There are 4 protein chains.
Amino acid sequence: MTAAEVLPAAAAAGPDTADLRVAVLGVGLMGADHVARLSRRVSGARVTVVSDAATDRADQVAAEVPGCRVVPDPLAAIADPEVDAVVVASPGRFHEEQVLACIERGTPVLCEKPLTMDADSSLAVVRAEDAHTARTGRRLVQVGFMRRFDPEYAALRELVASGGLGEPLLVHCAHRNPAVPAGVTTESVVNDSVVHEVDVARFLLGEEIAAVTVLRPRSTRRAAEGLSDPLVVLLETTGGRLVDVECFVSTGLAYEVRTEVVGEDGSALIGLDAGLVRQQAGPGGAVRGTAVTPGFRERFGRAYDVEVQRWVDAARRGGIDGPGAWDGYAAQAVCAAGVEALRTGRRTEVRMEER
Amino acid sequence: MTAAEVLPAAAAAGPDTADLRVAVLGVGLMGADHVARLSRRVSGARVTVVSDAATDRADQVAAEVPGCRVVPDPLAAIADPEVDAVVVASPGRFHEEQVLACIERGTPVLCEKPLTMDADSSLAVVRAEDAHTARTGRRLVQVGFMRRFDPEYAALRELVASGGLGEPLLVHCAHRNPAVPAGVTTESVVNDSVVHEVDVARFLLGEEIAAVTVLRPRSTRRAAEGLSDPLVVLLETTGGRLVDVECFVSTGLAYEVRTEVVGEDGSALIGLDAGLVRQQAGPGGAVRGTAVTPGFRERFGRAYDVEVQRWVDAARRGGIDGPGAWDGYAAQAVCAAGVEALRTGRRTEVRMEER
Amino acid sequence: MTAAEVLPAAAAAGPDTADLRVAVLGVGLMGADHVARLSRRVSGARVTVVSDAATDRADQVAAEVPGCRVVPDPLAAIADPEVDAVVVASPGRFHEEQVLACIERGTPVLCEKPLTMDADSSLAVVRAEDAHTARTGRRLVQVGFMRRFDPEYAALRELVASGGLGEPLLVHCAHRNPAVPAGVTTESVVNDSVVHEVDVARFLLGEEIAAVTVLRPRSTRRAAEGLSDPLVVLLETTGGRLVDVECFVSTGLAYEVRTEVVGEDGSALIGLDAGLVRQQAGPGGAVRGTAVTPGFRERFGRAYDVEVQRWVDAARRGGIDGPGAWDGYAAQAVCAAGVEALRTGRRTEVRMEER
Amino acid sequence: MTAAEVLPAAAAAGPDTADLRVAVLGVGLMGADHVARLSRRVSGARVTVVSDAATDRADQVAAEVPGCRVVPDPLAAIADPEVDAVVVASPGRFHEEQVLACIERGTPVLCEKPLTMDADSSLAVVRAEDAHTARTGRRLVQVGFMRRFDPEYAALRELVASGGLGEPLLVHCAHRNPAVPAGVTTESVVNDSVVHEVDVARFLLGEEIAAVTVLRPRSTRRAAEGLSDPLVVLLETTGGRLVDVECFVSTGLAYEVRTEVVGEDGSALIGLDAGLVRQQAGPGGAVRGTAVTPGFRERFGRAYDVEVQRWVDAARRGGIDGPGAWDGYAAQAVCAAGVEALRTGRRTEVRMEER
C-alpha cells in the first residue's frame, strides 16, 4: 500500500480536512519534542501511535496526547492501520530497518539524522527509495537536517544561490555547545555534531565534499577524559571550495552556530543572534548591513501565530490568554485623549473609569 | 449556550481531539491572514465559517479551506452551530455589536483592535463581559494587541517585571511604516498606529496613561495631503513615567518598531533586528549585550517547527519537502572520511557512489 | 599686538618650525588635560604659561612641563610676551573677562564652554570679536564644543549635510552620565549637560533653536536631593524640526551619548560604540548598515599615530616601546616556513634559534 | 656616538624641550605618511632629514616640512649630526644595512616590517643589537608591527593576558584587502600580509609558532594572473594552539581585519567596526557584549585631541577652525530659555539677536 493509497483512505474517513496520522518511533528527548510539536503547534497532523523500547516513557508521552496509542514494536507501529506517516527518532542503529520498512509500505518517513549508521547502508536506503520512486513518482524519505529550515540558513542559502555574493569560495563555521552528555567520544562529535556542518556546506554550496582533514588543537580543561575538544575540521568540496569548522562541544557557555560564506563579491554571516549580516559594495564604500524588517507581517507574523495558538488553546480550556477587554478600553480612552491633544496642541488628561 | 457547553458538544462529535471550530468575521487583509493561520499553522483549530460584507471575497477565502462555509450575516455566523469561537477582523465600527453578541452567547472572541470605536462603548463591553465572568468564572474577550506575543516584547516585559532594570523611568518608542494607505488621517494615525505604543506602555510599565501630548514637527514631503507626519507623542503614566513615541508612517523605507526602556539600573532596547540589547553594570564596567542562544531548542526550535509543518504538508500531498535520502548518504560518506581523518591525522578523500 | 604680529616674532626666534606658545588658564581637571594634550600629543604647540587661582595646583602642573612657568594673574598670563595663544579652562564666571582680554590683544583663544555666564555677555563677546574681525579679517575666538570633532558626529554631520538622509525632521538624543559631582542642580544640568545637545542640534541641522520645553518624569532613586533626573528636553528649531533629549546624569552605569537623525530618506544613529549606523533604502529592501573600513589608513591610521608617538617618547628616554628585533626575526622565520609550505603544499615546521 | 650622547647635545641646543630630530629613510606611501605624522600629529619630534632614491619625491616631501633637508645617501642620513633617531621605511631589501648602521651608531630606529629579507639576516640584527644592549643597557630597534598599538588589539591582548577568556585555544583571523598592487605574488602575500597575523598570534598568545600549513582554495576571478587568492593559513603554536587565517587580498570591497580568540572560558572578537565583542558567562546565561564607554574621556578624549590639534594649526595660521563666539552665544541663549522652561514647566521661546 502506498502513501497515495493511504491518504485517500484517511480522507475517506473524514474528508479532506483529515489530519495526517503520524507514528513517532522513539520518544526520548527528540522524539517527545516531535510528539509535542505535531500535537500542539503543527496544523494538519496528529500523533496516533508512539513506540519506544522504554514502554513506560512511551506510556507517559501517549497519555498527554488525546487519541494516541502505544505500539511497542516499531515495525508494527509502521504497519498500523491508523498510521499515514512516520517520524523516526529512535537510536541511530535502528534507523536502517525502520526506514526500509516505511519504504516497503510506501509510507512517508521523516528520519532524524543519521539516516543509517554507515555510508553503505545509507546507499542501500537511497537505492530502495529510488526503486519506489521509479514506480510511483513519489519520494518517501526526508532526513532531519533541520538547519535548512532555519530562517537564517534559508536566507543565506537564498543569497548564495541568487549569486548575491558571487562565486562562494570559503565557508567558516563555528559549532559550539555548552556541554555534551557523558560518553560522547571524539568520533561521535564528528558523526553527530560536525555532520550538521557537512550538510550545511552541501546545502549552501550545492556540491559534494571531496576530502576531509581533522586537526586537534590543545583541548579545553572542560573536555571529558579522552575527548579531543575543540576540533578544527577542513572540508574541501568537489569544486575546490574550502570549509573550515570549529567544533567545540564543551564551551561551558552557550549554543553558538555561526556560518560565514565568503564569495567573490561579498560575504555574509549568520549566527550572531542578529540575523544575516552581509558585507557588500555600496555607493559610498563597502557596507556591513542587515535587512530592516520590511513590513508588519515579517515583524509580527510570528507574534500573530503565537497569539492565535495561545488563544485557541485558552479558548478550548474556556478562557483567554492575553490582553482583555479592559486593555481595549484603556487604549480607547488614551487614544481619545490623543486625538484631543492633536486638535488642541495641548497636554490632555486621560479620562478613565475605575476598574 | 456558553463556551463551556459548546466545547463538550464538539468533543462529543470527535472526542477530545476535536478542533476548535472558529468563525472569522471580516476576511480583508487581516482576516484572511487569520484564516490561513488557523488553517495551516495553528494546531487544534479549524475555520468552519467566514463572513464578510464582500461576499465574493468570503467565497474566495472559504474555497481554500476544506469544510469552511460562508455565512454572510456576522451575527448568524456567531450563532452558527458549528462555531465554538470567533475572530473579529471586521472594520472597527462593527466590533461593538459583534463582540457583544459573542458575550451574549458565551462564545470566546478574539477581537482585533480597536475593541470598539470609542471609550464609552469599550467600557460597555468591559461591563458586559464582567457580568458574564461574574456568573461563569470565565473570560471571553481577548483583544488583538499582538505585540505582547512578540518574543522581543515578551523578553523586555519579563526583564522589566523582574526588576532587572530597576524602576523604569522612561520609554522611548519609534514606530515607522514605509507608507500608509490613501485616506489615512493624522487622527487615524493616533487611533490605529500610536495605539500600539499605548498598549506597549501599559504592558511594559503595568500602569495606566494619565496624560497625552502630541507634537507636530515639520512633515516629510512624502506625507499625504493634510497628514502631519511624523508625530511625536508624549504619554505620562499615573506613576510619573514618561513615554515618548516617534510615529512616522511615510518613511518610504521599512517597518521599524523600536522600544527602549530606561530604568534606574540599566536600559534595554528592542527592535534593531538584533534581539534584546541590554545595558547593565558588569564586573569590569557597563556592558551592552545580547543573550547568546543558550541551547539548540532556542536556536533551532523554530526550524524544527517549520521542518515538520512543511513535511506534514508535503506528506499529505504525497511527497517530501526537504533533504532526502541522498543527503543522508552523502553526510554518512563524509563523516566516515572524517572519522578516518581523525584517526590518521591525515587529509582523507571521501568515497561516494555516483548519484 | 595681534596674533599676526606675535607669530612672526616667534618664527624669528626659531624660524617657521616654531611651536605655538600657549597659556592655559585654569588647570583643574579640564585644564590639566589640555596641558598634557598640548605637551604630549599635539604637534606644533607647547605650554609656556599656566595660571590658576590655586597656585599649588598650577605649580604642580607646570613642574611636569619643560619650559613652563606659572603666572598667577590670568590677565598677566594673557599679556605674557611668551604667549601666542590662550586656552581658557577656568571657571565659567571668569570667561568673559579673559576672552575679552584676548580679543583686546588680538590673541587667539580656545574657550571651554560656556563662552560666558549669560546670553547678553556672550553677545558682547560676539560684538567685540566682530569688531576685531572687521579690522583684521581674522577670527580669534573658538568655543570648546568638542563633539564637533568626534569622528562619529563629524560623519553624521557630513551625512546630513550631503543630503544623504533627505531633509532631517527629528533628532533623538540620549545623554547619560554615570554620576555627577555633589552640588549639581537641575538648572546646571541644563546649562552644562544639555548645552552639548543644543550645540549638536545646531551643528547637525544648521539652524537655530526657537523654543524649549523641559519635562520632569519620575526621578531615579540615585538622584541627589533636589535634583530632577532624568529630564526630557524638547528643542524646536526655526525650521520646525524637533529634537528630543533624554538627559540622565545619575545612571550609575556609564557615559552614553547617543544621537539619531531621522530624515525624509533614512535615519542614522551614533553612540552605540559601533560607529554610524545608517538605515537607508537598498536594492533588496531597507538596510541597516555600518561602513566597513575602506583601507588600512582608516583601520590602522590611529595605531600608527600611537605607535610613533610612543616610539618618539621612548627614544627620547633612550629605549623602545613596542615589538623589537626578536619579533622581527620570529616573523621572518615563520614566513619562511610559510613560503615553503605554500610551495610544497605540506605542513612545515618553523626553524628558530633559541632566544 | 650613542643616543644617550646625542640627546643631551640636542638638549643643550634648546634645553629639555628639544624635539627628537628624526631622519625618515624612504618616502614612498608609508614613509611620507610617517613624515606627515611626525610633523603634524606627534608631539616632541620633528623630521630634519629625509632620504629616498627617488630624489624628486624626497624634495617634494621635504619642501612641506619646515627645517627638513634631503640627504640622498641613507647611511649619510643616519650619520647626519642633526639626526637623533631614524625611521626606516625604505624597500625591505635595504633594511638590514640601514638598521645595522643605526645599531653601529647607537641611534634608535623604528623599522617598518620586514626587519630584513630572511630569518638569518634578521637573527644577525638581533645579535648585533644584543651586543649593544649588553654594553649600554639600552635597546635600539623597534619593528613596525603597528597592530599592537591598535586599541582593539590592545584590548584583546589585555583580555587574554588577564585570563579573562581562560586558556586561549584557537584564534580565527580574516585579513581582507580590496585589492593589491600589480606584481604581488602568492609568496609575497605570505611575507607581507600574513606576516601581520603571525605577529598578532605571537602577541596575543605569547608563544612562538611551531608549524605552518597553507591551503589554496578556489581563487576569485579578481585574482591577478598566477595569484592564488584567497589562502587559508594554519599556524600551530609551540603550546598546541591553532590559528587559522583567511588571507584574501582581492575582495574588491574593503579592508577587513578580524580576529577572534576562543578560550576555555569565553571568546572575543574584534574587527567588526564595533569594538571588542566578548562572549562570556553571565548570571542569566551567556552574554555577547561590548563595553559601554565608561566616561567622557574615553568617549571624547580623541575629539579633544583633534579639536586642539586643529585649533593649534589654525591659530598658527591666524584663524579658528571650529565653533565660534556666535555658537557660544546661541548656546547660552537656548540654555537661558531652558532654565526658564524648567522653572515654569512651559514651552519657552528662545530670544536671540539677529546675526
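Which side chain meets that of D:E260 in a salt bridge? The answer is in the second of these views, all taken from a predicted model.

**Figure 1. Chain A as a whole.** Start with chain A, which has 10 helices and 15 strands. Its C-alpha trace spans about 80 × 60 × 45 Å along the principal axes. Of the 355 residues in chain A, 60% are buried. One is annotated "domain: Gfo/Idh/MocA-like oxidoreductase N-terminal" and covers residues 20-133 of chain A. Over those residues the chain is 46% helix and 19% strand, with the end C-alpha atoms 21 Å apart. The other, again from an unreviewed UniProt entry, is "domain: Gfo/Idh/MocA-like oxidoreductase C-terminal", placed at residues 157-348 of chain A. Here the make-up is 35% helix and 28% strand, and the end C-alpha atoms sit 52 Å apart.

**Figure 2. A salt bridge from chain D to chain A.** Here's the partner we asked about: D:E260 meets A:R176 in a salt bridge, 3.2 Å from N to O. The pair crosses between chains, with D:E260 in strand β11 (residues 256-263) of chain D and A:R176 in strand β7 (residues 168-176) of chain A. Both D:E260 and A:R176 are buried. Across all chains, the count of salt bridges comes to 142.

**Figure 3. Two salt bridges inside chain B.** Now over to chain B, where the side chains of B:R176 and B:E246 meet in a salt bridge of 2.8 Å, N to O. This pair links distant parts of the chain: B:R176 is in strand β7 (residues 168-176) and B:E246 in strand β10 (residues 242-248), 70 residues apart. How exposed are they? B:R176 counts as buried because its relative accessibility is 2%, under the 20% cut-off. B:E246 is also buried, at 1% relative accessibility. For the other salt bridge in this view, look at B:R241 and B:E207, whose closest N and O atoms are 2.9 Å apart. B:R241 lies in the loop between β9 (231-237) and β10 of chain B, and B:E207 in the loop between α8 (186-205) and β8 (209-215), so the pair ties together parts that are 34 residues apart in sequence. B:R241 and B:E207 are both buried.

**Figure 4. A patch of negative charge on the surface.** Which residues gather here? From chain A come A:D73, A:E96, A:E97, A:D118 and A:D120, and from chain B come B:E353 and B:E354. A:D120 counts as exposed because its relative accessible area is 64%, over the 50% cut-off.

**Figure 5. Two cis peptide bonds.** Most peptide bonds are trans. Chain B has a cis peptide bond joining B:K113 and B:P114, with omega about 5°. To spot the proline, follow the loop between β5 (109-111) and α6 (119-136) of chain B, where B:P114 lies. Chain D gives us another cis peptide bond, joining D:D229 and D:P230, and omega is about 5° there too. D:P230 lies in the loop between β8 (209-215) and β9 (231-237) of chain D.

Figure 6. Most residues other than glycine have a negative phi. B:D273 is not a glycine, yet its phi is positive, at about 55°. The place to look is the loop between β12 (266-270) and β13 (277-280) of chain B. Turning to chain C, C:D273 has a positive phi of about 55° and is not a glycine either. Look for C:D273 in the loop between β12 (266-270) and β13 (277-280) of chain C. C:D273 is partly exposed, with a relative accessible area of 25%.

Note on methods:
Residues numbered from 1 in each chain as written. Chains lettered and ligands numbered in written order. Heavy atoms only, no water. UniProt positions renumbered as here; feature names shortened; annotations may be inferred. Helix = DSSP H or I, 4+ residues; strand = E, 2+ residues; numbered from the N terminus. Patch = residues over 30% accessible without salt bridge, like charges linked within 9 Å, V, L, I, M, F, W, Y side chains within 5 Å. Areas by Shrake-Rupley, 256 points an atom, 1.4 Å probe, with all protein chains shown as cover. Salt bridge = Lys/Arg side-chain N within 4 Å of Asp/Glu carboxyl O. Lys, Arg positive; Asp, Glu negative; His and termini not counted. Charge placed at Lys NZ, Arg CZ, Asp CG, Glu CD. Buried < 20%, exposed > 50% of the residue type's maximum accessible area, 1.4 Å probe, protein only.
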